[in-house]
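Here is a friendly briefing to read beside the structure. It goes through the interface, the charged pairs and the aromatic rings in turn.

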Amino acid sequence: MPPPPIRKISLDAPPTVVHVPPIPLNGNGNGNGHGAPAGGLHTPGPPSSDAPVIERMRCNAVTIAYGPKVAVNKVDLPISQGEVLAMIGPSGCGKTTLLRSLNRLTELTPSASRGGVISLDGQDIDLLEVTALRKRVSMVFQQPNPFPMSVFDNVAYSLREGGSKRPRKKELMEPVERALTRAGLWHEVRDNLDHPALRLSGGQQQRLCIARSLAAQPEVLLMDEPCSALDPISTGKIEELILELREQIAVVIVTHNLQQAQRVADRVAFMYLGELVEYASGEQIFNAPQAQRTRDYVGGAFG
Amino acid sequence: MSALATPPPQPGSAAPPPRRTRARDSATTWPLRDRIGLAFCWAAGITLTVVALTILLYMCFKGITQLRPSMLVTHPSGAVDQSRSGGFLDPIQGTLLLTAIGIAIAVPIGVSVALWLVEYGRPAALARAVESAVDVIAGAPSVVLALFGLSFFSETFFSFMSFRSEDTAFGRSFMVAGTVMSLIALPLIVGATREALLQVPNHVREASLALGKTKASTIRAVLLPAVRPGIATGTALGMGRIIGDTAIVVLLLGNTLTTQPRDGGIFGLSLLQGTGSTLTSYIYGNSPVGEGNAPQKAYAAAFVLLLIVVALNALATRIARGRRKDTAWIR
């Protein structure tokens, strides 16, 4: 039996860029992101949701550079409530940088500079107070990072002003319970609310971080590879949670794991070398990609 | 797929096959210089342990045979007759008071310096200058600091810290000695806090900022609790340094045998403005080279001092160990 043919890809070839199809505001036209299957191979995506799709954020020609090195190059991207947007692409393609710029965390890197406009509900985020913006656009990180305090205080932290201890525990019990329940953690920690959060397991810690973000009632939730440090069971729980959350808030998830993107994403943005190569429904990206580069990446030719 | 390095054990044979070691992994086949080096490493480690144990056991033996419980609660007196020269209650109180003053000054300053260095540290030139300043203080012999302190705090302006004698300030008191003592504890606290801050992964800070918190509340609510064990370690080490220092006590605490509050003045404050002694100066004074020349008392006091310092070091190690287990983030 002859060996399988070696697929050669030329990494220097100019990428095919498929332009973002215009999405009508308030998302009446495009349904929930599930068109008819493109024919041929069909892999099941996430279950469709009935929530209306509403555009919340939009990137217009966003360019981000670290010193002279351009990490994200003129990206246009809409982010909508009611569907999950997954950003995929090989390491170093700028997807995490783009995600961090959405709540202006890139500003913490002294060498980073940004061009273009990012808007939240039509308002330029640069004009918003940065703390107010981050309360509306919250982020969950790759590594679980609960704060060195009790489980309760971790969730209550985002509800209290500044770093103060007020309001007291009794007044905050209800919102904390709600956040933990939404994150699917309440039943596991209800008796141990006073235990240090860092004693929880990795999966519990990550769901606590999600609960912490949810407690502030954000409108957009950014997730930077939230499952890459976790076991499959915890990953499954978090993916379920993501699908529940998309009904009420816009969820953006960066992932290295194509299967995960396929499982949870209604919309997929494929980035390569700082460019947004293709933005389409998950269905289309995984079954009928338009760009050659996307076809190669989801087909496993490089990565 | 399974390319095992060793063949799987035969069914029936209970004992696993002996582990194979390549000949050149065994020290017996090493070149002579490597074997000498290895032997030296072993010898060095063992010798150090023996020396430490000898000191500890010798002082324990000398101390326990000389120590009487009554010494811990009786005031010292200058009598030549050793049965009437009393115990060392005042030096113990002096040690505690001086340590408390030094730590109370050093901890807030040290933690602030470390926070500034790690969390702000800009402009870079200023950060380098601060680091060098900490290094200079850490490297300066305490007797040099004491000498400087004596002339500095003798300025009339500082007479509130001791008392006025003739034209200048006396320049010797608990307050003065404690202030200078804080300098020798400061570098240890800065170092330990800084290490602890650097151990906190950046994404933890970003997580707090991503919740819409300010940098100030991040430091207060997230970083300070995270570095509390580091601060405690630095504090315990700093206390050990203060308790063990002699030069500053001899030069700046007046080195009076008993605690001598300043005449008049407000109660409490007059104690801080007065002079006294600590266990180290008591040991020095009672050693064969000192004025008291009561080596028995010196050994007893040295034993008490050693117990305190060893206990503090054990505490510091314990705190540092507990930290790793409890508050470790996935990096």
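Buried area is the accessible area (1.4 Å probe) that two parts lose on being put together, summed over both. By that definition, chain A and chain B bury about 2300 Å² between them, and carbon and sulfur atoms give 63% of that area. This is a predicted model, in which local features need pLDDT of at least 70 and side-chain atom pairs count only at pLDDT 80 or more, while totals for chains, interfaces and linings use all residues. Residues are numbered from 1 along each chain as its sequence is written, chains are lettered from A and ligands numbered from 1 in the order in which they are written, and side-chain values use heavy atoms, with hydrogens and water left out.

**The interface of chain A and chain B**

- Chain A brings 30 residues to the contact and chain B brings 25 residues, where contact means heavy atoms within 4.5 Å.
- Pro148(A), Tyr157(A) and Leu198(A) supply 24% of the area that chain A buries against chain B, more than any other three residues.
- There is one salt bridge between the two chains, a salt bridge being a side-chain nitrogen of Lys or Arg within 4 Å of a carboxyl oxygen of Asp or Glu.
- Glu206(B) and Arg100(A) form a salt bridge, and their closest N and O atoms are 2.7 Å apart.

**Salt bridges within chain A**

- Over all chains, the whole structure holds 19 salt bridges.
- Asp121(A) pairs with Arg56(A) at 2.7 Å, N to O.
- Asp121(A) is in the loop between strand E4 (112-120) and strand E5 (123-124), and Arg56(A) is in strand E1 (residues 54-66), 65 residues apart; strands are DSSP runs of E with at least two residues, helices are runs of H or I with at least four, and both are numbered from the N terminus.
- Arg56(A) is buried at 13% relative accessible area, whereas Asp121(A) is partly exposed at 41%; buried means under 20%, exposed over 50% and partly exposed in between (1.4 Å probe, protein chains only).
- Glu219(A) forms a salt bridge with Arg136(A), with 3.1 Å between the closest N and O atoms.
- Salt bridges that share partners join Arg56(A), Asp121(A), Arg136(A) and Glu219(A) into one network.
- Arg267(A) and Glu83(A) form another salt bridge at 3.6 Å between the closest N and O atoms, and both residues are buried.

**Around Asn154(A)**

- Asn154(A) lies in helix H3 (residues 151-157) of chain A and is buried, with a relative accessible area of 0%.
- Its side chain makes a polar contact with the side chain of Arg212(A) at 3.4 Å; a polar contact is a pair of N or O atoms within 3.5 Å, where within protein one must be able to donate a hydrogen and the other to accept it, and residues adjacent in sequence count only if both atoms are side-chain atoms.
- Arg212(A) also lies over the face of Phe147(A), 4.1 Å from the ring centre; a charge sits over a ring if NZ of Lys or CZ of Arg is within 6 Å of the ring centre and within 35 degrees of the ring normal.

**Aromatic rings of chain B**

- Phe148(B), Phe152(B), Phe153(B), Phe157(B) and Phe158(B) form one aromatic cluster; rings of Phe, Tyr and Trp (its six-membered ring) pair if their centres lie within 6.5 Å, and planes under 30 degrees apart count as stacked, over 60 as edge-to-face and the rest as tilted.
- Phe157(B) is exposed at 64% relative accessible area, while Phe158(B) is buried at 14%.
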